[in-house]
Every structure is written in structure tokens, then in C-alpha cells.
Amino acid sequence: MPSYIIAADSWSACGRGDTITFSTSQYQTVSTAEQISVPFFAMQDLAVDTDEARILEALHTVVASAIAKAELTPSQLANTAVVLGSTSLDVSSVKAKPEQTIWLTDTDRLSGYLKAQFATSDLHLTINTACTAGTNAVILADQLLTHNRAEFVIVVGCEFYNPLTVEGFYSLDLQSANGLKTFSEARSGLVLGEGVAALVMAKTASKQKQMKVLGYGTGCDHYSLTMTQESGEHINTIIDQALNKAQLNAENIDLIKVHGTATLNNDQAELNAFNQGLTHAPIFAFKPFTGHTLGACGVLELALMDHLLKTQSVIPLPDYVHKETILKPFSQGKMLSDYQHILLNHCGFGGNNAAIIVEVNNCGGRL
């Protein structure tokens, strides 16, 4: 049974709530332990630090706004599950304990915080599958709704500034010094970002202009610790899973939201997968505007799509597209409502891949 995204909210470098702007230059810099400056897409109007209060404030603000937009009552919230996807959770704010050799945050601490704050049901879960965490959280939410485990599901994607993450990607030599250029031949690596997003999902649509989740696929190819199979074979397998569940063929896909980290190998792996049946569909990308928000990106990018749909805005186009050779054509000058079936592709460390297909014009024909 398909599910619907009935409300959404986000906070990222693009802005907060309904005040969203798309710019490829809205990043700042943070420093490594060696005092080397690297670009970073921080949440707009929020000073960069690792304080716990910053994390909880951002989570509360975004989830409260999404709940208000969905107009959920206290009785409905009592039958609402919470599924949270993230890579580093609140690790950056956890204080080391000298008496412990190994210290970790509780994996369900943030989802438990949200349950307590908004009086949702006892069902709160955390997904931690690297960069596909948010996408897998959406998939799990659909399954909970399908099997009547909840009336509504609040899906949260979150990633916060974490010095350990910055150091890790810097040590892998994956960070670009001059911006994130998805699917450009001149791409030079990723730029990390942070963000919080929340979706409210339900089994039925409540209004026009809501995305319907038609199908999805997820799995792990064990190819590498840091990337998926370069041939794109496993990505293609996951896309086929999504198409089969959605009861669609590849030619039914009108538009592709690429993962698009702008690392040399990952963009090429995606392209190789798309060349196996999806050459006809143009692409679009959010990471040039938000940075790579790791485990949050699957939820954040759906929330930004919801914003584009509700405001009938043109799909943002990175400024480098007109200046450089592009690996695959971008959608230009069109709105999401000009398309019907959109594929959202995501790849993660360890070869974890996930894909979702949404239908845009699902309520009474063309929007």
C-alpha cells in the first residue's frame, strides 16, 4: 500500500522552515585539528559548535513545525511512530568518561527525546546505515504504515557538525576546496553539510500537492568500505527492486534525483547505473546547495522537494551547469509538478544503496 508525505519541514544551509534559498556558495569554513580550513555547509543562522543544546533545539524546532503543518492532534500523536536516520547522531556532543575505555551515546537517545517531547507512541526507532540512513528510515516508515503499526510516522533525518566526521573525510582526501559540483566532469570531491528535516507520513493523502511513495529498494553489496560497486551494477539492482515494487518500468521514470556527492568514483558509479536503462531521464541534485548531509540527506532532500512542490518553484539548477561539461543533462526551467514519477537514488559507505520512487501528480491528475 503506498504512503503519502503529508507535511515536511527542514533546517539546512538553504534556510529554515518555508524560507528556503538555493545557492552553491552559501558555505562557510571549519578547521581540522591541523588548523586547515575546509568548506562546510552549516545550518543557516546557527553558530557552528558541538553543544548538546544546539542539537536538541534544531530537532525540536523542525519536528514541531512538521507536526503543526500536518495538524496532528494529541490523540493522533499518541498513535504516531518516530523513525530517525542519521550517521553520527549526537556523537559530537557526548563527553568522554575517563573511567570508560569505550564510550558511546545511546543509539535511540534522539528518537527517545522526540518521543518524550511530542508524546508520540512508544515505537521509536533509529536507522544508522551511513548515507542511506534517512532513505531507509522513509522505507521503514512506509512498512510500519502498511502493516498498521502506526497511524502516522514522523521520519527525521539529522546530521550535525562533527569534528570527527570532518577529520575522517579530510583524511580520505575526499573533500573539495572549491564547492560541490555534482555530475560535473570538473568535480573535485564533496563538501560536508549539516541539516535536520522531518516528514509526516500517512496512509492517505490529505491535500493536493503531496508526494506518494510508490516503491523502493535497499541493500548492501559489500564491495568496499567507502563506496559502492563502480560498475553501477548493485545500484541498478536496487533501482530494479524499486521499479518492481512500484509496478513501473524504467521508461516510466521521468526525473532522477541523484545522490551526487561529486566524488570521482561515486558519481561515475551512479552514471553507470543510469546508463543501463535510464538514459532518457534528466537529473537534479540538492547537494550543491546543502553539502553532503550524510545520513540526513534522504529525508532532507525529500523535505526540500516537498517545499518545491508546495510553492510551485522551479527546480534549482547549480550555476556551474552552464560553465562546465556535465555527465548527464539536468532538468532546466521546470517544476516538480511537470514530472510524474521521480526516482531518488542514494549510496552509502559499505556499498549500502537505497532508492525510492515517488509519484508527484497523484491527487486528481496533473497539479
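1. The structure is a predicted model, in which local features need pLDDT of at least 70, side-chain atom pairs count only at pLDDT 80 or more, and totals for chains, interfaces and linings use all residues. Residues are numbered from 1 along each chain as its sequence is written, and side-chain values use heavy atoms, with hydrogens and water left out.

2. The whole structure holds 1 cavity of 30 Å³ or more. A cavity here is a set of points, on a 1 Å grid over the protein atoms alone, where a 1.4 Å probe fits but cannot get out; lining residues have an atom within 4 Å of a point. The largest cavity has about 60 Å³ of space, a volume being the space filled by probe spheres set on the points.

3. Among the residues lining the largest cavity are Phe40, Glu159, Tyr161 and Leu294. Helix 5 (163-171) and strand 9 (192-193) each supply at least two lining residues; helices (H or I, at least four residues) and strands (E, at least two) are DSSP runs, numbered from the N terminus.

4. Strand 4 is antiparallel to strand 5 (residues 37-41) over 4 bridges, and Val30 stands opposite Val38.

5. In strand 6 (residues 80-85), 6 of 6 residues are buried, meaning under 20% relative accessible area with a 1.4 Å probe, protein chains only. Strand 6 runs parallel to strand 8 (residues 152-159), with 6 bridges.

Technical notes
1 Å grid on protein atoms, 1.4 Å probe; cavity = no way out; pocket = protein on both sides within 12 Å on 5 of 7 lines; lining within 4 Å. Pairing = 2+ DSSP bridges. Buried < 20%, exposed > 50% of the residue type's maximum accessible area, 1.4 Å probe, protein only.
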